[in-house]
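Please look over the sequence and the model below before reading on. The briefing starts with the chain as a whole and then turns to its parts.

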Amino acid sequence: MNFKAWFVAGRHFALPWILFNALFAVVLAGFSLPAFLYSFGIAYLTLVAGHYVNDFRDFEKGLDKVEGGSVAKGYTGASTVIPTGALSVKAAKLSAVGFLLAGFALLVLRAITAGISIETAALYAFGVFISLTYTDLFKPHGLPDLAIALGHGAAVTLFSYSMIAPINMTAVTAAIVLGLFGATLAVIDQYPDAKSSAVEKAKG
């Protein structure tokens with residue numbers, strides 16, 4: 001397996017973003033190093049699993065292809081790794097399962113060693129749902145920005161906060177702000193694809 005292609009497909013450039021959201025939420029809640037490490041680790045592993053799901057589902061649905069597909073950005077060429085054969089669909093699927101199971105294992109370990117609230121469990125389930133349905137639910141309805149705002153922004157923030165304290169208006173406000181920031185980044189990220197689609201339609 002091509003390690004570079006595998007790494008690119010995971011979109012690990014998002015690590016600082018998730019790290020900041022988790023740290024910001026934990027600090028607001030009162031800070032606990034174990035809570036921060038667990039919340040960041042679980043959230044990051046779950047979101048990376050979603051990235052691999054997006055890779056193989058976009059390819060299977062014909063959205064990612066060698067020519068005329070999603071545009072490769074300067075900071076990631078994830079949309080090209082499977083179409084060009086640099087990464088197989090099987091490798092992407094195995095990676096998605098592996099990262100998802102690793103995140104779940106961390107959640108179970110946290111539950112065993114320190115306990116987790118119903119809120120934390122529910123927010124984890126919500127994060128998994130967003131990660132696994134991005135391509136098949138949100139994209140077809142023109143809502144990829146909403147998925148990014150909810151998954152990478154709001155869900156990570158609320159999940160991390162709930163590791164220490166019950167969700168309150170402080171947590172909700174932070175989730176809204178970081179969610180809107182995530183949506184803004186998503187709009188910027190999708191602009192090259194929108195521009196490319198407009199050009200293709202004009203040619204057609």
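The accessible surface of the chain comes to about 10100 Å², and 72% of that surface belongs to carbon and sulfur atoms. Accessible areas come from the Shrake-Rupley method with a 1.4 Å probe, and for residues only the protein chains shown count as cover. This is a predicted model, in which local features need pLDDT of at least 70, side-chain atom pairs count only at pLDDT 80 or more, and totals for chains, interfaces and linings use all residues. Residues are numbered from 1 along each chain as its sequence is written, and side-chain values use heavy atoms, with hydrogens and water left out.

**The whole chain**
- The chain has 8 helices and 0 strands; helices (H or I, at least four residues) and strands (E, at least two) are DSSP runs, numbered from the N terminus.
- Of its 204 residues, 47% count as buried, where buried means under 20% relative accessible area, exposed over 50%, and partly exposed in between (1.4 Å probe, protein chains only).
- Among contacts between residues at least 6 apart in sequence, 75% join residues at least 24 apart; contact means heavy atoms within 4.5 Å.

**Helix α2**
- Helix α2 covers residues 15-29 and reaches 21 Å from its first C-alpha to its last, close to the 21 Å expected at 1.5 Å a residue; the expected span is 1.5 Å times one less than the number of residues.
- W17, I18, N21, A22, A25, V26 and A29 are buried in α2.
- Seen down the axis of α2, these buried residues fall within an arc of 155°, so they line one face of the helix; the arc is that of the directions from the helix axis to the C-beta atoms.
- An α-helix has 3.6 residues a turn, so residues three or four places apart point the same way.
- G30 follows α2 and has a positive phi, near 125°.

- α3 has 28 residues, and 22 of them are buried.
- From first C-alpha to last, α3 reaches 41 Å, close to the 40 Å expected at 1.5 Å a residue.
- F31 lies in the loop between α2 and α3 and counts as partly exposed because its relative accessibility is 40%.
- Just after α3, G62 takes a positive phi of about 80°.

**L158 in helix α7**
- L158 belongs to helix α7 (residues 144-162) and is buried, with a relative accessible area of 17%.
- L158 and V26 are 132 residues apart in sequence and 9.4 Å apart in space, C-alpha to C-alpha.
- Leaving aside neighbours within four places in sequence, L158 is in contact with L123, I167, A171, V172 and A175.
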